[in-house]
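Please look through the following model with the fold, the core and the surface in mind. A short briefing on these topics follows.

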Amino acid sequence: MVTLVTRGKGHGLGVASFTEVAAPCDQVWETITDVESWPSYHENIVSVERVNAEHNFAAGPVTHKRPGCDTSASSVGTKYRVSKVIHGHVHVCHFTVTFVDNEGPTKSMKFFHDEGGMLSMVTLTVEPSDDFNCCGEFTSSCEEELSAKRCRLMETAAVELSCPFGKALMAVSCYPPFNGMMKKIIKRKFERGLREFATAAERNVQ
């Protein structure tokens, strides 16, 4: 597990985290895009409710906003209401799917997340792992073999703390020891989420 937390402009942060998963790319993709199953394995998520669409973007063609791609499907724009436990209290958050690409071995989903005082644009990406050498050199056939055995799950996020407390926290976060404390909190949050995704995908393979 590797996580990098950087300070952005104003009241923002940039986060990049990835982990290796002992499961095929397709299995991991199915796990992360089955949003309504998240409460079954994410410790702090109580419930997920789809509020505006009935299209399952884990299966079949999906919408993706790349040039030349069809954008007629309803997956992009799907909204969810998420109840999660934050500091011992249940809070309702919302997120909207803004981009999905499930073509090829590398797949990604992007969503806008509104968690009250924290706004974030999050991207989850699944790609073949290059950690073991199956063919001596990395070729397209090797990529297919890797996809069938294990993969890498990545999460990147641009985070803005919009509430007064968050802004004050960001204002002091550039000074020690607050900068170290802030990075540890964010790092722990993202690593736990990826670890829960990975564990669920690996369990489904068994």
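**Fold and overall figures**

Read from the N terminus, the elements of the protein chain follow the order β-β-α-β-β-β-β-β-α-β-α-α, where helices (H or I, at least four residues) and strands (E, at least two) are DSSP runs numbered from the N terminus. The model is predicted, so that local features need pLDDT of at least 70 and side-chain atom pairs count only at pLDDT 80 or more, whereas totals for chains, interfaces and linings use all residues. Residues are numbered from 1 along each chain as its sequence is written, and side-chain values use heavy atoms, with hydrogens and water left out.

- The protein chain has four helices and eight strands, and 40% of its 206 residues count as buried (under 20% relative accessible area, with exposed meaning over 50% and partly exposed in between; 1.4 Å probe, protein chains only).
- Of the contacts in the protein chain with a separation of 6 or more, 58% are between residues 24 or more positions apart, a contact being heavy atoms within 4.5 Å.

**Strand pairing**

- Strand β5 (residues 89-101) pairs with strand β6 (residues 107-114) in the antiparallel sense over seven bridges, pairing being assigned if DSSP finds at least two bridges between two strands.
- These two strands, β5 and β6, form a hairpin with five residues between them, and Gly104 in the turn has a positive phi of about 80°; Val100 stands opposite Met109 in β6.
- Strand β7 (residues 118-128) runs antiparallel to β6 and is joined to β6 by eight bridges, with Val122 in β7 as the bridge partner of Phe111.

**Nonpolar core**

- The largest nonpolar core has 38 residues, and those with the most contacts inside it include Val21, Trp38 and Phe95; such a core is a set of buried Ala, Val, Leu, Ile, Met, Phe, Trp, Tyr and Cys residues joined through side-chain atoms within 4.5 Å.
- Helix α4 (residues 178-205) gives the most to this core, with eight residues.
- Ile32 touches Trp38, Met109, Leu124, Val126, Leu153 and Phe197, when residues up to four places away in sequence are not counted.

**Surface**

- The accessible surface of the protein chain comes to about 10,900 Å², of which 55% belongs to carbon and sulfur atoms, with areas from the Shrake-Rupley method using a 1.4 Å probe and, for residues, only the protein chains shown as cover.
- Val85 lies in strand β4 (residues 79-86) and is partly exposed, with a relative accessible area of 34%.
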